Amino acid sequence: MSIAAVPAEQLLYRPEEAAKALRIGRSMVYEEIRLGRLRTVRIGRRRLVPPEYIAEYVELLKREAEATA
């Protein structure tokens, strides 16, 4: 009898994975990173996005939507 391993929650997303999670294009993710609206962490030369930064970005979008409504 084998016990299936429970997948660990993903701690860091590549920009392409963050784009998929946010349902936006890869180039839009890089633009938002460039503008400082979507924060990242660096490991060596790689830029990675923690889930809490994705949630923070979504909250920013909500605040902007409420401000223009």
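## Salt bridges across the model

A salt bridge is defined here as a side-chain nitrogen of Lys or Arg within 4 Å of a carboxyl oxygen of Asp or Glu. A search of the whole structure, which is a predicted model, finds seven salt bridges. Side chains of opposite charge can pair when their charged atoms come close.

## Basis of the values

Residues are numbered from 1 along each chain as its sequence is written, and side-chain values use heavy atoms, with hydrogens and water left out. In this predicted model, local features need pLDDT of at least 70 and side-chain atom pairs count only at pLDDT 80 or more, whereas totals for chains, interfaces and linings use all residues.

## Overall architecture

The protein chain contains three helices and two strands, where helices (H or I, at least four residues) and strands (E, at least two) are DSSP runs numbered from the N terminus. Along the sequence these elements follow the pattern α-α-β-β-α. Of the 69 residues in the protein chain, 25% are buried; buried means under 20% relative accessible area, exposed over 50%, and partly exposed in between (1.4 Å probe, protein chains only).

The protein chain exposes about 5,500 Å², of which carbon and sulfur atoms supply 56%. Accessible areas come from the Shrake-Rupley method with a 1.4 Å probe, and for residues only the protein chains shown count as cover. Among contacts with a separation of 6 or more, 43% are between residues 24 or more positions apart, contact meaning heavy atoms within 4.5 Å.

Helix 1 spans residues 15-22, and its buried residues are Pro15, Ala18, Ala19 and Leu22. Seen down the axis of helix 1, these buried residues fall within an arc of 105 degrees, so they line one face of the helix; the arc is that of the directions from the helix axis to the C-beta atoms. They pack against helix 2 (26-35), strand 2 (46-48) and helix 3 (51-68).

Although Arg23 is not a glycine, it has a positive phi of about 60 degrees. Its relative accessibility is 71%, so Arg23 counts as exposed.

## The nonpolar core

A nonpolar core is a set of buried Ala, Val, Leu, Ile, Met, Phe, Trp, Tyr and Cys residues joined through side-chain atoms within 4.5 Å. The largest one has 12 residues: Tyr13, Ala18, Ala19, Leu22, Val29, Ile33, Leu38, Val49, Tyr53, Ile54, Tyr57 and Leu60. Helix 1, helix 2 and helix 3 each supply at least two residues of this core, and the largest share, four residues, comes from helix 3.

Tyr13 lies in the segment before helix 1 and, leaving out residues up to four places away in sequence, touches Ala18, Leu48, Val49, Pro51 and Ile54. Between Tyr13 and Arg47, the C-alpha to C-alpha distance is 8.9 Å, with 34 residues of separation in sequence. Tyr57, with its neighbours within four places in sequence set aside, is in contact with Leu22, Glu32, Arg37 and Leu38.

## A nonpolar surface patch

Leu11, Leu12 and Ile43 make a nonpolar surface patch of about 290 Å². Patches are made of residues with over 30% relative accessible area and no salt bridge, with like charges joined within 9 Å and nonpolar side chains (Val, Leu, Ile, Met, Phe, Trp, Tyr) within 5 Å. Leu12 lies in the segment before helix 1 and, at 31% relative accessibility, counts as partly exposed.

## Individual charged pairs

The side chains of Arg26 and Glu16 meet in a salt bridge at 3.2 Å, N to O. This pair links distant parts of the chain, with Arg26 in helix 2 and Glu16 in helix 1, 10 residues apart. Arg26 is partly exposed at 49% relative accessibility, and Glu16 is partly exposed with a relative accessible area of 32%.

Within helix 2, Glu31 and Arg34 are separated by about one helical turn because they are three residues apart; their side chains meet in a salt bridge at 2.8 Å, N to O. Glu31 is partly exposed at 33% relative accessibility, whereas Arg34 counts as exposed at 58%. In helix 3, Glu59 and Lys62 are also three residues apart and therefore separated by about one helical turn, and their salt bridge is 3.3 Å, N to O. Glu59 is partly exposed, with a relative accessible area of 38%, and Lys62 is partly exposed, with 44%. Salt bridges that share partners also join Glu32, Arg37 and Glu64 into one network.
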